[in-house]
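We begin at the ligand and then turn to pairs of charged side chains.

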Amino acid sequence: MKIETQEISIPLLKEKEVRLFIKRIDKVHPFVSGNKWFKLKYNLLEAQKQGFKTLLTFGGAYSNHIAATAFAAKEKGFKSIGIIRGEEHLPLNPTLQFAEENGMELHYVSRSDYREKAIPEFLDKLEVQFGDFYLIPEGGTNELAIQGAAEILEESDTQDYICCAVGTGGTISGIINASADKQTVIGFPAIKGIDVLENDIENWTNTNNYKFITNYFGSGYAKVSKDLVQFINEFNTTHNIPLDAIYTGKMMLGILDLVAKDYFPIRSSILVIHTGGLQGNKGMSERLGVKLPL
Ligand SMILES: *Cc1c(COP(=O)(O)O)cnc(C)c1O
């Protein structure tokens with residue numbers, strides 16, 4: 001697959017002699033957005049191979065992974081079950097409405113039950129309730145997802161730096177494994193605590209040419225400032241590239257700030273992975289009463 005990569009030109013980049021490219025994996029599929037497509041790829045094949053009829057997974061009420069899994073399951077002929085954190089709110093938000101419209105059966109569990117989602121006893125109970133299913137963990141991250149995410153990076157991606165937004169760390173782990181030693185992979189976590197994340201990523205990867213930049217997630221996951229909304233809209237107007245408010249918008253704001261602060265050496269090049277997530281902008285727009293690109 002040859003994935004579209006666009007160069008961004010703005011006076012700041014010219015002045016600093018840094019080249020910035022965006023890899024548009026958000027465009028690989030209209031509904032199975034960006035990195036989620038790569039993460040699901042080998043899981044769907046494995047579920048088919050093992051003869052499962054049903055996929056079961058977990059997510060928050062605005063989860064890109066839930067939306068992506070619902071559509072991918074339908075496309076491949078699986079039944080899908082989504083275990084959603086928290087209580088049901090009607091009318092359904094755009095993410096859950098989309099999931100339900102695409103055949104996903106939604107079940108809500110309390111936040112305390114949700115924390116048990118990886119514990120065998122809890123999974124056994126789900127099996128009693130729903131019968132046999134192929135389990136895809138929260139965020140879609142497992143070994144097969146990391147294998148799929150490694151395909152995000154292609155031979156032609158020779159830039160010095162590769163930037164990627166981080167949730168569970170599955171996507172960046174695949175990218176790290178596919179990167180060359182002389183490249184540096186920079187992760188922009190969308191969550192506060194990265195200790196667990198660092199541990200996981202260390203386990204999932206085979207090199208250490210990566211680092212994290214943690215000071216651009218704003219006041220937290222799913223916390224969206226006015227400045228961020230304005231930045232995303234301006235970026236879309238200028239470059240015709242929609243960014244999401246939770247992952248890629250915060251990362252891009254951070255990257256341009258780092259460029260301004262001379263973080264990247266002169267004549268270096270950066271590849272930004274556009275992991276998608278745009279379905280989330282709809283719910284976010286409604287929740288905050290702001291306009292975001294859809
Ligand atoms: C899910 C998601 C991520 C995080 O991916 P992980 O593999 O969980 O780290 C990043 N960006 C977007 C747009 C996402 O939807």
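Select the ligand together with α2, β7 (161-166) and α8 (170-178), each of which supplies at least two residues of the shell around the ligand; helices (H or I, at least four residues) and strands (E, at least two) are DSSP runs, numbered from the N terminus. The largest share of that shell, three residues, comes from α2. This is a predicted model, in which local features need pLDDT of at least 70 and side-chain atom pairs count only at pLDDT 80 or more, whereas totals for chains, interfaces and linings use all residues. Residues are numbered from 1 along each chain as its sequence is written, and side-chain values use heavy atoms, with hydrogens and water left out.

Next, display the side chains of K36, K39, N64, T168 and T171, which come nearest of the 15 residues around the ligand, where a residue is near a molecule or strand if one of its heavy atoms lies within 4 Å of it. A polar side-chain atom of K36 lies 2.7 Å from an oxygen atom of the ligand, and for K39 an N or O atom of the side chain is 2.6 Å from a ligand oxygen. For N64, the distance from a side-chain N or O atom to an oxygen atom of the ligand is 2.7 Å. The protein covers 97% of the 380 Å² of accessible area that the ligand has on its own, the areas coming from the Shrake-Rupley method with a 1.4 Å probe, and for residues only the protein chains shown count as cover.

If you colour the shell by class, you will find three nonpolar, ten polar and two charged residues; here Ala, Val, Leu, Ile, Met, Phe, Trp, Tyr, Cys and Pro count as nonpolar, Asp, Glu, Lys and Arg as charged, and the others, Gly among them, as polar.

Now move to D26, in the loop between β2 and α2. Is D26 buried or exposed? At 10% relative accessibility, D26 counts as buried, a word that means under 20% relative accessible area, with exposed over 50% and partly exposed in between (1.4 Å probe, protein chains only). Leaving aside its neighbours within four places in sequence, D26 is in contact (heavy atoms within 4.5 Å) with G34, H274, G276 and L278.

R19 is partly exposed at 46% relative accessibility, and E7 is partly exposed at 38%.

Finish with R85 and E138, a salt bridge whose closest N and O atoms are 3.9 Å apart. R85 lies in strand β4 (residues 79-85) and E138 in the loop between β6 (134-136) and α7 (143-149), so the pair ties together parts that are 53 residues apart in sequence.

Technical notes
Salt bridge = Lys/Arg side-chain N within 4 Å of Asp/Glu carboxyl O. Polar contact = N/O pair within 3.5 Å; in protein donor to acceptor, adjacent residues only side chain to side chain.
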